[in-house]
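Dear colleague,

I am passing on the structure that we spoke about, and my notes follow below it. Please read them with the coordinates open beside you.

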Amino acid sequence: MDYRTESPEILREFLFYHETIKGHSRKTVDEYFLDLRAFFRFLKIHKGLVPRDTAFEEISIMDIDKKFLESVTLTDVYEYLVFLSRDRPTQHNSRNTDYGLSSTSRARKTSTIRSYFKYLTLKSTHNRLSVNPVAELDAPKIKKTLPRYLSLDESTKLLDNVDGMYRERDFCILTLFLNCGLRISELAGLDLSDIGEDSIRVLGKGNKERVVYLNDACVDAINAYLQIRKQNAALSERALFLTSRRTRISTSTIHYLVKKHLSAAGLDSSKYSSHKLRHTAATLMLKSGVDVRTLQELLGHEHLNTTQIYTHVENSSLRDAAMRSPLSGYKKNKKQD
């Protein structure tokens, strides 16, 4: 997939802008492309521009132009959101797929559409629209759920049970997850040159760099792994974490090893994942007294409200507040016979 050859000019301009000017990652820009391609395909069906029996994934969007986009209405977008919530398959290549995307997925796609039309009305050059048809578009309400995380005892149990041929590497990865709250992509992308004496340089979302400081446990784990790593020549010389083939470790490999060690520790690997270890790090630090703005910087969140989800977890201060209620000791008197 390459949006440079598979999208019309009026879409390429928007994608170029986000990749070159906004500095968004290739993965993010590719997601914008896929979101808008699906939207355009739906519109062509909705407006009767292709036969009804045309396979959704085979609909070309190369003829999308300014005139077509000027015909888009807010009602069209709401029709598309209904399609996403009821009829869009969750797995395109599976016969056993469910239908209807989650509110989180629909909210992200809504954000892409809003961003696109905002660009066309404010930033675009010769393709500029005079009216933004989605200016009043609201995003789907997202059901708020508390992040799932390991307790301190479960985290210790996980680390205690790391074993196997790659135990130094895996122990180091799990230690960084649980102490630094890194994303799985950030761990996979670490280079040897990113490792400092007591800190690491992390390349986060949107190619934004941040410095994460290391505690003694992380320093010890990294040093122990580096002693093993240097024993064999690496094909990926820059990469910190390597596979058995001496190449840079992938996110899928990290995901697999996390699940494997969770199961080995007697923890439910269906409930927890690498991202849940990031949640664990954030939650345990917050419970230990780290303030939410410091946690925001540590996790690399652009917006504070992303971090604030961790402030809703149960902690000792909330429990203490409940116990201090004047009615905490009230007991209903039994009726006299």
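This is a predicted model: local features need pLDDT of at least 70, side-chain atom pairs count only at pLDDT 80 or more; totals for chains, interfaces and linings use all residues.

Is Cys172 buried or exposed? Cys172 is buried, with a relative accessible area of 1%.

**Cysteines**

The structure holds zero disulfides. A disulfide is a covalent bond between the sulfur atoms of two cysteines. For Cys172, the closest cysteine sulfur is that of Cys218, and because the two sulfurs are 7.7 Å apart, they are too far from each other for a bond. Cys218 is likewise in no disulfide, its nearest cysteine sulfur being that of Cys180, at 3.9 Å, whereas a pair would have to lie within 2.5 Å to count. Cys218 is buried, with a relative accessible area of 0%.

**Helices α8 and α10**

Helix α8, which covers residues 167–180, and helix α10, which covers residues 216–229, have axes that come within 9 Å of each other and cross at roughly 155 degrees. Because angles over 145 degrees count as roughly antiparallel, α8 is described as roughly antiparallel to α10. The crossing of these two helices, α8 and α10, is left-handed. On the α8 side the contact involves Glu168, Arg169, Phe171, Cys172, Thr175, Leu176, Asn179 and Cys180, and these meet Ala217, Cys218, Ala221, Ile222, Ala224, Tyr225 and Ile228 of α10. Sorted by class, the residues in the contact of α8 with α10 are eleven nonpolar, two polar and two charged.

**Helices α2 and α3**

From α2, the residues that make the contact are Leu11, Phe14, Leu15, His18 and Glu19, while α3 brings Val29, Tyr32, Phe33, Leu36 and Phe40. By class, this contact of α2 with α3 has eight nonpolar residues, one polar residue and one charged residue.

Although Ser124 and Phe14 are 110 residues apart along the chain, their C-alpha atoms are separated by 7.8 Å. Once its neighbours within four places in sequence are left aside, Ser124 is in contact with Glu13 and Tyr119.

The other loop residue is Arg246, in the loop between α10 and α11 (251–264).

**The chain as a whole**

There are 15 helices and two strands in the chain, and of its 337 residues 41% count as buried. Among the contacts in the chain with a separation of 6 or more, 58% are between residues 24 or more positions apart.

With kind regards

Methods: Residues are numbered from 1 along each chain as its sequence is written. Side-chain values use heavy atoms; hydrogens and water are left out. Contact means heavy atoms within 4.5 Å. Helices (H or I, at least four residues) and strands (E, at least two) are DSSP runs, numbered from the N terminus. Ala, Val, Leu, Ile, Met, Phe, Trp, Tyr, Cys and Pro count as nonpolar, Asp, Glu, Lys and Arg as charged, and the others, Gly among them, as polar. Axes are lines fitted to C-alpha atoms, for helices over the stretch in contact, and angles run from 0 to 180 degrees between N-to-C directions. Angles under 35 degrees count as roughly parallel, over 145 as roughly antiparallel, 65 to 115 as roughly perpendicular and the rest as oblique. A crossing is left-handed if the near helix is turned anticlockwise from the far one by less than a right angle, and right-handed if clockwise. Buried means under 20% relative accessible area, exposed over 50%, partly exposed in between (1.4 Å probe, protein chains only).
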